[in-house]
Amino acid sequence: MTRTNPDPRHTLTLRDVSEASGVSEMTVSRVLRNRGDVSASTRERVLEAARMLGYVPNKIAGALASQRVNLVGVVIPSLSNMVFPEVMTGISEVLEGTGLQPVVGVTNYLPDSEESVIYEMLSWRPSGMIVAGLEHTPAAGAMLARAGIPIVEIMDIDGTPVDHAVGISHRRAGRQMAEAIIAAGYRRIAFMGTQMPNDHRARKRLEGFEEALAKAGLSLVDREFYSGGSALLKGREMTEAVLGRTRDIDFLYYSNDMIGAGGLLHCLSIGLDVPGKIGLAGFNGVELLDGLPRKLATMDACRLEIGRRSAEIIAGQATAAERIELFPTLQPGDTIRKGRQSARYSACPPVDEAPGHQRIQARSSCTGWCSASEYGQWQWRVRDGSQPQPYLWCRSGKEHGRMSRSQFRLGVDIGGTFTDIVLQTPQSLVSTKVLTTHAAPEDAIIAGLHQVCAKADVAAGRIDQIIHGTTLATNALIERRGAKTALITTKGFRDVIEMRTESRFEQYDLNLVLPDPLLPRNRRYVVSERMEATGRVLHPLDRAEVEALADEIGAAGYGSVAVGLLHSYVNDSHERMIGEILAARLPGVMVSLSSEVSPQMREYERFNTTIANAYIKPVMKTYLLRLRERLAAEGAKCPVFMMHSGGGIMSIESAAEFPVRLVESGPAGGAIFAAHIAARHGLDKVLSFDMGGTTAKICLIKGYTPKTARVFEVARTYRFKKGSGMPISIPVIDMVEIGAGGGSIARVDLMNQIRVGPTSAGSEPGPACYGRGGRLPAVTDADLVLGKIDPESFAGGSITLHPEAAKDALAAEIGDRLDMDALEAAWGVAEVVDENMANAARVHAVENGEDLSGYTMIAFGGAAPLHAARLCEKLGIDRCLIPVGAASGRPSAFCAPRSASRRTGRSSPGSANSTQVASDRFSTSWRRRPAPSCGPVIRRRKFGPSTRSTCAMPGRDGRSPSRSPPIRPPIRMRPCISHCSRRNMQSSSVAGSTGWRRRSRSGR
């Protein structure tokens, strides 16, 4: 170094650093801009020289040379708000050591100020920008979109980001808080917050909060806003004002914790019982307030994690997803009641001891909660000469009733528009409908769970079993939203799924286009192996070849692998070897073996089913495990089962491994419901008509049993044409499904004809009459204009419809083009959708050789009762039955099935009888059907090396004081050989379910 002490008044340049370090100015420039390849020793020497000289580089010159500087612009609305310092902490922790430095700009929630700050920061060419919020002025949005650098908008994901968004859904946070408040038993709720029109996140939380209240049939009884001043002081003043003018308020919800802290201090100062008399909650989870006399209920906004994740994107340390959604956690603190009942009430106590008897979960049959002061002892008493049974006696001497096993079961069905929830209690069925939340379907389930538990006055922890049906698997296949999937198959059979069966589903269409396979050819791999049809190995599998292929698949980034080898249904040793190698070398990749998914002959169907299973497995498994965790967090730690496509149930673990069996999971429950109604009323021939918000399903039911099939087609490309879809080889209830539901959108085509569907408005935004932003007319709009729907009581009163919006949409999209008024347009839409459904029913009947004139229609689903009569006219059907609870038919049916397993080598006719009787009684007890007049008869037959039992249920009297039609005729059961091992068998009281399959009296 030749120059170590330059003149202090001299402006330092690169030349001074160059002379001090002994390297060229070009090298100094590269080191200071952190660009180019420079050795570690040279870099250290240059940096030390610059530090000793006190040299500060010219960032403008650096920007001109490198197009950016090592600054990260952070734009936040406030530093006085304790939220944002914690965000800055997360940003600084990640950027420390990366060479990037955050520079903060404050906007004070003013759009013009934000525009100015963004302009100044971008003029310095920073390496990235982190901006709070998604709402900007047009100029600010244009600058960010054209910046050419990573832009991360933080705190909120309810909107469309310029580049990337990291944050929470504030609407969902508001909904979750409202659901927790309602579940705790509060009903008269007031809101207090800041009056800042540009605090969009607070506005969205309030919108979500009010939305959840509306679904529960509630609304805010009062609200108060302030602007400026101390939040703590304003919280006290607003709380005093609200409590002074509005009586009987039992909960106060604040837009942030600081206002809530002021409200809490006021409530405690005037002696209010918190949370017994009044509850309070805020938002943000500010730790500073933990020193208050009571810990305020709040919701953690994930501030530190938001800062970290946004900085990781800027620094290139994380995958830059368009949206990264974080999920806040509710912190009930000390200001929300822990249960639905108040402190002086509690549930009936359990039996600790029962000499000579098994322990029974105590539950009183009284209708309400018993006062704790009235509790007596559970006593074993003999009554009417029966066996000793436990009874609850109050201290007043009044008997409350006999204890029974807890029987609380929850049925859940997710549709395209609504999620239906049904809770079965020993006394009744309670149901609700919630708009489906497509981004996170479990949100709607949790919201519905809170509602039905509130209606039934039952805690979620008391639910014994949850049965869930869903169309998510079907939608994932139709919309091709699965994981990146590879297929491994036998050499020479790579193109089986593309060649299909070489049949033409439209014989005379010269321009026929076959559906694209689920996987393109470059995602299909082969191995050299061959198995004989008898299971003998012709060409052994080379382990080294599979290991090399596994490495290739891992390098390509596949998330799931389907394995389908020739004749593996006879000998699965090669498939199992491939599965073991993939599991060992690719532990994060999911594997589906055709010998497990669909162990049967016919390569095309088997391979396609296995591919479909692998394709949707990551999506469905993630959802199912997430759902189980959410339910457990709500206290519902009971077993969760899934309704499968054959009408039976399977565990959530099995469903996660074989999600393809959930195709038609929801509609299968509807067919089971219709079959149950048909048996109760002695209807031998039934047309099941299930019309929901997105689709309509039609199924033929003969002999009280839905028609079943072994192959089901998903996503047909030609309407009603067999062979034009994706075949899935699983046991399934055979039905036809078309895009005709309450949300199906109506339009006028190029030939000036009204068309309806298959596109649906769904739940987001929904039909125009929902008032959620929809502008296109749907079938529900037409039904409303025609007077078929009461706008005040739609969906149990949880949604208020807007007739004028429906008329405007029909007039704009249909009437103006066809010179009709809104009423005529509505009639035309209804007539077209009815004809579409009638045509589908005719085709289905012709394909099965049936004449529908002798059938009875059973209509259920949210929209079916509105269209059933007209559909019967078109089909020549003269009888239609609309059961009680038709709008929630599917989840009601989910409460019915129950399966049991026995080894045939260890069972006896008596045990099979008892299993069947117990299963049948359990599955129909909620309908209060009479007991059988005599026991079932077991006939034993030989099936190869093992003995299997068939069960014939006798006829029943079928007449009870409340109902007169016969319940069910004799049926015969036989084992389903293709889906049961020879050593294990399942029995189920539901037709078409895995295990036992019902047959008519004439069957062999």
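This report walks through a predicted model of one protein chain, from its overall make-up down to a few individual residues.

## The chain as a whole

The chain has 1004 residues, and 52% of them are buried. Its secondary structure comes to 27 helices and 47 strands. If you take the contacts between residues at least 6 apart in sequence, 67% of them join residues at least 24 apart.

The average pLDDT for the chain is 76, and 76% of the residues score at least 70. Where does pLDDT stay under 50? One such stretch is residues 340-406, and another is residues 897-1004.

Both stretches still show contacts beyond four places in sequence: the model has 116 of them for residues 340-406 and 211 for residues 897-1004.

## Two helix pairs

Take helix 1 (residues 14-21) and helix 3 (residues 40-53) to begin with. Their axes are 9 Å apart, and the two pack at an angle of about 120°. That angle makes helix 1 oblique to helix 3. The crossing of these two helices is right-handed. On the helix 1 side, the residues that meet the partner are Asp 16, Val 17, Ala 20 and Ser 21; helix 3 brings Arg 45, Val 46, Ala 49, Ala 50 and Leu 53.

Now look at helix 23 (residues 803-818) and helix 24 (residues 822-847). Here the axes come within 9 Å and cross at roughly 75°, so helix 23 and helix 24 are roughly perpendicular to each other. Helix 23 puts Lys 807, Leu 810, Ile 814 and Gly 815 into the meeting, and helix 24 answers with Ala 822, Ala 825, Ala 826 and Val 829.

Arg 630 sits in helix 19, which covers residues 603-633. Is this arginine buried or exposed? Its relative accessible area is 19%, so Arg 630 counts as buried, the cut-off being under 20%.

Which side chain does Arg 630 reach with a polar contact? The partner is Asp 443, and the polar contact between the two side chains is 2.9 Å. Leaving out neighbours within four places in sequence, Arg 630 is in contact with Gln 176, Glu 442, Asp 443 and Ile 446.

Ser 560 belongs to strand 26 (residues 560-564). With a relative accessibility of 0%, Ser 560 counts as buried. A polar atom of the Ser 560 side chain lies 2.8 Å from the backbone oxygen of Ala 614.

What else does Ser 560 touch, once residues up to four places away in sequence are set aside? The list runs to Lys 484, Thr 485, Ala 486, Val 589, Met 590, Ala 614 and Pro 618.

## Leu 220 in a loop

Leu 220 is in the loop that links helix 9 (200-215) to strand 7 (222-226). Its relative accessible area is 14%, so Leu 220 is buried.

Beyond its neighbours within four places in sequence, Leu 220 is in contact with Ile 189, Ala 190, Phe 191, Leu 206, Phe 209, Glu 210 and Leu 213. Then there's Arg 187: Leu 220 and Arg 187 are 33 residues apart in sequence, and their C-alpha atoms are 9.1 Å apart in space.

Most residues other than glycine have a negative phi, and most peptide bonds are trans.

Which peptide bond is cis? The bond from Val 274 to Pro 275 is, with omega near 10°. Pro 275 is found in the loop between helix 11 (257-269) and strand 9 (279-281).

Asn 108 is not a glycine, yet its phi is positive, near 55°. You'll find Asn 108 in the loop between strand 2 (101-106) and helix 6 (111-122). Tyr 704 also has a positive phi, about 65°, without being a glycine. Its place is the loop between strand 31 (696-702) and strand 32 (705-706). Tyr 704 has a relative accessible area of 13%, so this tyrosine is buried.

Notes:
Residues numbered from 1 in each chain as written. Predicted model: local features only at pLDDT ≥ 70, side-chain atom pairs only at ≥ 80, totals over all residues. Heavy atoms only, no water. Helix = DSSP H or I, 4+ residues; strand = E, 2+ residues; numbered from the N terminus. Buried < 20%, exposed > 50% of the residue type's maximum accessible area, 1.4 Å probe, protein only. Polar contact = N/O pair within 3.5 Å; in protein donor to acceptor, adjacent residues only side chain to side chain. Contact = heavy atoms within 4.5 Å. pLDDT = per-residue confidence, 0-100. Axes fitted to C-alpha atoms, helices over the stretch in contact; angles between N-to-C directions. Parallel < 35°, antiparallel > 145°, perpendicular 65-115°, else oblique. Left-handed = near helix turned anticlockwise from the far one by under 90°.
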